[in-house]
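Please look through the sequence and the model below, and then follow the explanation from one part of the chain to the next.

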Amino acid sequence: MIRKIDKGFDTLSSLAEMFSGIKTYGVGRGKPSQTEKIRNTKPFTSIKTDDTWSPCFDGKHTVRY
């Protein structure tokens, strides 16, 4: 059954390249270099709403319905 499916369809790797995307926090990376404190507090993944800051949501925070 798997061989039949493999024959009839292109593989994903033949259609597109896969990347990991942006890696936001890496100790020692960037200019200026990021520290462990920056990695632990994650100051860059928040959005300012009114006078307060809220966490930024990504794909893991969404559901199908």
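Ile5 belongs to helix H1, which spans residues 2-8, where helices (H or I, at least four residues) and strands (E, at least two) are DSSP runs numbered from the N terminus. With a relative accessible area of 41%, Ile5 is partly exposed; buried here means under 20% relative accessible area, exposed over 50%, and partly exposed in between (1.4 Å probe, protein chains only). Together with Met1, Ile2 and Phe9, Ile5 makes a nonpolar surface patch of about 510 Å². Such patches are made of residues with over 30% relative accessible area and no salt bridge, like charges being joined within 9 Å and nonpolar side chains (Val, Leu, Ile, Met, Phe, Trp, Tyr) within 5 Å; a salt bridge is a side-chain nitrogen of Lys or Arg within 4 Å of a carboxyl oxygen of Asp or Glu.

The model is predicted, so that local features need pLDDT of at least 70 and side-chain atom pairs count only at pLDDT 80 or more, while totals for chains, interfaces and linings use all residues. Residues are numbered from 1 along each chain as its sequence is written, and side-chain values use heavy atoms, with hydrogens and water left out. The mean pLDDT (the predictor's confidence in each residue, from 0 to 100) of the chain is 76, and 85% of its residues reach 70 or more.

The chain holds three helices and two strands, in the order α-α-α-β-β along the sequence. Of its 65 residues, 5% count as buried, and its accessible surface (Shrake-Rupley method, 1.4 Å probe; for residues, only the protein chains shown count as cover) comes to about 6,900 Å², with 57% belonging to carbon and sulfur atoms.

Gln34 lies in the loop between helix H2 (12-15) and helix H3 (36-41), and with a relative accessible area of 16% Gln34 is buried. Leaving aside residues up to four places away in sequence, Gln34 touches Thr24, Tyr25, Gly26, Val27, Gly28 and Arg29, contact meaning heavy atoms within 4.5 Å. Pro32 lies in the loop between H2 and H3 as well, and a cis peptide bond with omega of about -5 degrees joins Lys31 and Pro32. Most peptide bonds are trans.

Ser46 is placed in strand E1 and is partly exposed, at a relative accessible area of 26%. The C-alpha atoms of Ser46 and Cys56, ten residues apart along the chain, are separated by 4.7 Å. Confidence is lowest in E1 (residues 46-49), at a mean of 70, and highest in H3, at 83.
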